[in-house]
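Reader: I am new to reading sheets in protein models. Could you take me through how they are put together?

Author: Gladly; let us look at the model first and then go through it step by step.

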Amino acid sequence: MSTQAWNYPEVGGDLVNVVVSEEQIRQRLSEMAARIDEDYAGQEVLLIGVLKGAAMVMSDLMRHLRSDVSMDWMAVSSYGKGTKSSGVVRILKDLDTDLTGRHVLIVEDIIDSGLTLSWLIENLRSRGPASLEIATLLRKPEAAKVEVDVRYLGFDIANEFVVGYGLDYAERYRQLPFVAVLAPHVYGG
Ligand SMILES: O=P(O)(O)OC[C@H]1O[C@H](OP(=O)(O)OP(=O)(O)O)[C@H](O)[C@@H]1O
Ligand code: HPA
């Protein structure tokens, strides 16, 4: 286990290995932000964060942006307490913003099966945005059940259940500043 986990004695033993370090995240988000700034130059962009997992990505990505941005949040859930998507996406909190004519960028922590985002894209597209793109820190290509077109990607990772940097298992581990594989014994895998 990476030395970073030693700082988390309460949960470090539940982790197998770090897949993306704090430094790698910082570096990649700043590169993604530079591309977003370039692409949206002169336009106002509405960032839509998908709660709760995207909370850290959103706040750290935003810090790097120089564009004219505003922010809104949607809460959806398809995982509940497990490690597999139920495939049924529920809106727990809807947007406060009218999307008509807006340039919208969805900000996600992870695309796993792709079910959440493919559902969300369809839902948001029906609200009439001028454009709709996706930024995600992580993607698991081997887990895809539906293909999702990602404009800004942080890292492709292996098909293992990960936690940290916003990602949880049963609401735990979100606070870790890195992304790590969760030991299967934690979830009985
Ligand atoms: O590609 P998928 O297989 O659909 O998985 C991705 C989704 O799963 C997680 O959310 P979750 O439903 O666990 O809610 P949370 O963000 O509140 O943890 C994550 O934040 C994504 O929104
Ligand atoms: O690997 C994962 N970890 C935590 N939450 C998730 N939601 C989809 N995939 C994951």
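Reader: In what order do the six strands of the open sheet lie, and what is the pairing?

Author: Keep in mind that this is a predicted model. The six strands of the open sheet come in the order 4-3-2-5-6-7, and their pairing is mixed. At the edges are strand 4 (90-93) and strand 7 (152-156), each of which pairs on one side only, and from one strand to the next the twist averages 30°.

Reader: In which sense do strand 6 and strand 7 pair, and over how many bridges?

Author: Strand 6, which covers residues 131-139, pairs with strand 7 in the parallel sense, over four bridges. To find one such place in the model, look at Thr136, whose bridge partner in strand 7 is Leu153.

Reader: Which strands does helix 1 touch where it packs on the sheet?

Author: Helix 1, residues 22-39, touches strand 5 (103-111), strand 6 and strand 7, and its direction makes about 155° with that of strand 7.

Reader: What is the order of the open sheet that three strands form?

Author: Those three strands follow the order 1-9-8, with antiparallel pairing. Strand 1 (15-20) and strand 8 (162-163) each have a single partner strand, so each has one side without a neighbour in the sheet.

Reader: How many bridges join strand 1 to strand 9?

Author: Three bridges join strand 1 to strand 9, residues 179-182, and the two run antiparallel.

Note on methods: Residues are numbered from 1 along each chain as its sequence is written. Chains are lettered from A and ligands numbered from 1 in the order in which they are written. This is a predicted model: local features need pLDDT of at least 70, side-chain atom pairs count only at pLDDT 80 or more; totals for chains, interfaces and linings use all residues. Two strands pair if DSSP finds at least two bridges between them. Axes are lines fitted to C-alpha atoms, for helices over the stretch in contact, and angles run from 0 to 180 degrees between N-to-C directions. Two residues are in contact if their C-beta atoms, placed from the backbone, lie within 7 Å.
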